[in-house]
Amino acid sequence: MRVTHLQLTDFRSYEGIDVKFGPGVTTLVGRNGQGKTNVVEAVRYLSTLSSHRVATDAPLIRFGAQRGVIGARVDKAGRSLSLEVTLVPGKANTARLNRGAARPRDLIGIVRTVVFAPEDLALVKGDPGGRRTFMDELCVALHPALAGDMADYDRVLRQRSSMLKSARHARGDLTMLDIWDEKLADLGGRIVAARRRAVTALAPYVSTAYADVAPDGGECVVAYATSLDRGEGRDDHVEPLPADASAADISARLLERLGQLRPKELDRGVTLAGPHRDDLEIRLGEMPAKGYASHGESWSCALALRLGSYDLLTADDGPDAGEDGEPILILDDVFAELDAGRRAALAERLVNASQVLITAAVAEDVPEALTGEVIRVADGKIFGGGSAAASESTSGDDDE
């Protein structure tokens, strides 16, 4: 699959552009602050309904505009599809699919992307939240329907945590808390089961990718670490979940743990078990990558996670994959961060990819093996790529 056209209206630095993308590699070249990343960020947004750069939609709307629009034409499995999302600050976003009204959630899974960006170093060195997001995005790419479960889980978690804080002072009737426990356990069991399946499927691809980009670096191992396998204190012993535990089994375990932890939760006012407290373990040999891996090794681990995801999604033949499940690979200003060996290893893996979108400050940062169309971005304007319109940047330093 590939994106053939991208139309942006009042998105980031662009008042209005229409860019045409061909198959294979397309590189957007321009100095920092010119808006090249804004283009690939829009492609990414159509895939996940979120940005890989900011946590909310407000910064995506051009300064002074009332709304922003991302539209695209996609070729997938021999069909041409039209997608559009309108971002409205303070209100629910709207969407269109093939010119008909749709829920934004209906667009998830049509475009599949894998993004590698400088921020990905935090997957190895940062807090668990980033790794949970990585797992959830992979799960949704494999099974788009899970996006609904994850949104519902976040809502239930907020409601339950609010009730815990209120109950900490009142200690009255906790019947409603029992109801929220059941909802949280049901959704949480499905999410944990999906993450376990995804990480198990991902692990061999990550190991292979790491061996390719760091042939002398040993073995990179990933595993899912759930809060249901560990206790909250030295004397709190918990039996590990069986490898073949079903979503229903996990839900039952989670409901049991919530009951056991309720006194501590009431004291602290927080939910102490569930997928929001889980993590992705990344190890180099026997040692955890976080805290032990060198800077170069950490980059290799992050790159292996993304390449492994790309390989898994390319090989995916599940019911939600469609006839052409190969994702679009987006490399956002990463070649400048990699040494010559890692650049060459990455380029060798991508030469036959269906569609790769690259951003770079200078064309020389991109390996010669990744030859393809070059689109230049300067002064907030697009040069090349069949651009039908270009506009001056108005948003300043926040756009790159």
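The legends below describe close-up views of a predicted model. Residues are numbered from 1 along each chain as its sequence is written, and side-chain values use heavy atoms, with hydrogens and water left out. In this predicted model, local features need pLDDT of at least 70 and side-chain atom pairs count only at pLDDT 80 or more, whereas totals for chains, interfaces and linings use all residues.

View 1. A cavity is a set of points, on a 1 Å grid over the protein atoms alone, where a 1.4 Å probe fits but cannot get out; lining residues have an atom within 4 Å of a point. Grid points are joined across faces, edges and corners, and a volume is the space filled by probe spheres set on the points. The count comes to 1 cavity of 30 Å³ or more. The volume of the largest cavity is about 170 Å³. Its lining has 18 residues, of which Arg44, Thr113, Glu137, Leu138 and Ala141 are the closest to the centre. Two or more lining residues come from each of α1 (36–48), β8 (113–116), α3 (128–142) and α7 (295–315). Helices (H or I, at least four residues) and strands (E, at least two) are DSSP runs, numbered from the N terminus. The most is given by α3, with 5 residues. By class, the lining of the largest cavity has 9 nonpolar, 5 polar and 4 charged residues. Here Ala, Val, Leu, Ile, Met, Phe, Trp, Tyr, Cys and Pro count as nonpolar, Asp, Glu, Lys and Arg as charged, and the others, Gly among them, as polar.

**View 2. The largest pocket.** A pocket is an open set of grid points with protein on both sides within 12 Å along at least five of seven lines. The largest pocket holds about 790 Å³ of space. Of the 22 residues that line the largest pocket, Thr48, Ala147, Met150, Ala151 and Asp154 lie nearest its centre. The elements α3, α4 (146–170) and α5 each give two or more residues to this lining, and the largest share, 7 residues, comes from α4. The lining of the largest pocket divides into 10 nonpolar, 4 polar and 8 charged residues.

**View 3. The second largest pocket.** The second largest pocket has a volume of about 480 Å³. It is lined by 23 residues, and Ser51, His52, Arg53, Thr133 and Glu137 are the closest to its centre. Two or more lining residues come from each of α1, β8, α2 (122–125) and α3, with α3 giving the most, 4 residues. The lining of the second largest pocket has 10 nonpolar, 6 polar and 7 charged residues.

View 4. Of the 13 residues of α1, 12 are buried (under 20% relative accessible area with a 1.4 Å probe, protein chains only; exposed is over 50%, partly exposed in between). The buried residues of α1 include Lys36, Glu41, Arg44 and Tyr45. Leu49 follows α1 and has a positive phi, near 60°.

**View 5. Two arginines with positive phi.** Arg12 has a positive phi near 50° and sits in the loop between β1 (2–11) and β2 (14–20). With a relative accessible area of 3%, Arg12 is buried. Arg99 has a positive phi of about 75° and sits in the loop between β6 (94–97) and β7 (100–102). Arg99 counts as exposed, at 64% relative accessibility.

**View 6. Arg62 in its loop.** Arg62 is in the loop between α1 and β4 (68–76) and counts as buried, at 16% relative accessibility. The side chains of Arg62 and Asp10 make a polar contact at 2.7 Å (a pair of N or O atoms within 3.5 Å; within protein, one must be able to donate a hydrogen and the other to accept it, and residues adjacent in sequence count only if both atoms are side-chain atoms). The C-alpha atoms of Arg62 and Ser51 are separated by 15 Å.

**View 7. Ser251 and its surroundings.** Ser251 is in helix α6 (residues 247–268) and counts as buried, at 12% relative accessibility. A polar atom of the Ser251 side chain lies 3.5 Å from the backbone oxygen of Asp186. Not counting residues up to four places away in sequence, Ser251 touches Ala185, Asp186, Gly189 and Arg190 (contact means heavy atoms within 4.5 Å).
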